[in-house]
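I opened the notebook to go through one chain, entry by entry, and to write down what I looked up.

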Amino acid sequence: MAFTVFPEGQAQNPSYRGSLVQFNDVSSGYFDALRIPLREGRDFDGFDRPRTKIVGIVNEALAKQLWPGQDALGKRFTIVQQSELIEVVGVVATAIVNNVGEDPTPMIYRPIQQSIRPA
């Protein structure tokens with residue numbers, strides 16, 4: 001799935017239309033299983049669950065796109081039409097998403113425990 005995201009403070013900027021980004025809800029150990037290197041920060045853990053701080057892990061392609069020349073760790077962003085800020089707790093290598101040879105695809109990974117909304 002894909003959503004438009006805004007770095008913190010940019011959602012109200014009329015000259016910035018946001019970035020369309022692919023999302024994937026994953027569990028801890030996902031990156032190890034697929035051999036996607038963690039470049040900085042941490043993987044998801046048991047503390048990333050409903051009613052805790054909303055977190056995400058971004059790939060290097062997205063980090064460079066949203067925060068060029070800056071460290072993405074600790075940065076925050078919003079998803080279009082949602083007010084919750086999501087904090088970046090990790091940065092992983094950019095991996096193939098659809099096809100070999102594709103341009104780097106910006107990705108955000110969310111902990112599956114936080115994506116499940118109880119009824």
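**Entry 1: Ser 19.** I began with the contacts of Ser 19 (contact means heavy atoms within 4.5 Å) and found that, leaving aside neighbours within four places in sequence, Ser 19 is in contact with Phe 3, Thr 4, Val 5, Gln 65 and Leu 66. I noted that this is a predicted model, in which local features need pLDDT of at least 70 and side-chain atom pairs count only at pLDDT 80 or more, while totals for chains, interfaces and linings use all residues. Residues are numbered from 1 along each chain as its sequence is written, and side-chain values use heavy atoms, with hydrogens and water left out. Ser 19 has its place in strand E2; helices (H or I, at least four residues) and strands (E, at least two) are DSSP runs, numbered from the N terminus. With 7% relative accessibility, Ser 19 counts as buried, where buried means under 20% relative accessible area, exposed over 50% and partly exposed in between (1.4 Å probe, protein chains only).

**Entry 2: the chain as a whole.** I counted the secondary structure next, which comes to 3 helices and 7 strands, and along the sequence they follow the pattern β-β-α-β-β-α-β-β-β-α. Of the 119 residues, 34% count as buried. Among contacts between residues at least 6 apart in sequence, 65% join residues at least 24 apart.

**Entry 3: the cores.** I then looked up the nonpolar cores, each a set of buried Ala, Val, Leu, Ile, Met, Phe, Trp, Tyr and Cys residues joined through side-chain atoms within 4.5 Å. The largest has 16 residues, and those with the most contacts inside it are Val 5, Val 58, Phe 77 and Ile 108. Strand E2 (19-26), helix H2 (60-66), strand E5 (76-79) and strand E6 (86-92) are the elements that give two or more residues to this core. A second, separate core of 11 residues includes Val 26, Phe 44, Val 89 and Tyr 109.

**Entry 4: Val 58.** I found Val 58 in strand E4, buried with a relative accessible area of 0%. Not counting residues up to four places away in sequence, Val 58 touches a list of residues including Ala 63, Phe 77, Val 88 and Ile 108.

**Entry 5: Asp 48.** I looked for Asp 48 and found it in the loop between strand E3 (38-41) and strand E4 (55-59), where Asp 48 counts as buried at 4% relative accessibility. The side chains of Asp 48 and Arg 42 are joined by a polar contact of 2.9 Å; such a contact is a pair of N or O atoms within 3.5 Å, and within protein one must be able to donate a hydrogen and the other to accept it, while residues adjacent in sequence count only if both atoms are side-chain atoms. A polar atom of the Asp 48 side chain also lies 3.0 Å from the backbone nitrogen of Asp 45.

**Entry 6: aromatic rings.** Which residues do ring pairs link into a cluster? They are Tyr 30, Phe 31 and Tyr 109; rings of Phe, Tyr and Trp (its six-membered ring) pair if their centres lie within 6.5 Å, with planes under 30 degrees apart counted as stacked, over 60 as edge-to-face and the rest as tilted. My search of the whole structure gave 4 aromatic pairs. The rings of Tyr 30 and Tyr 109 have centres 5.9 Å apart and planes at 45°, so this pair is tilted.
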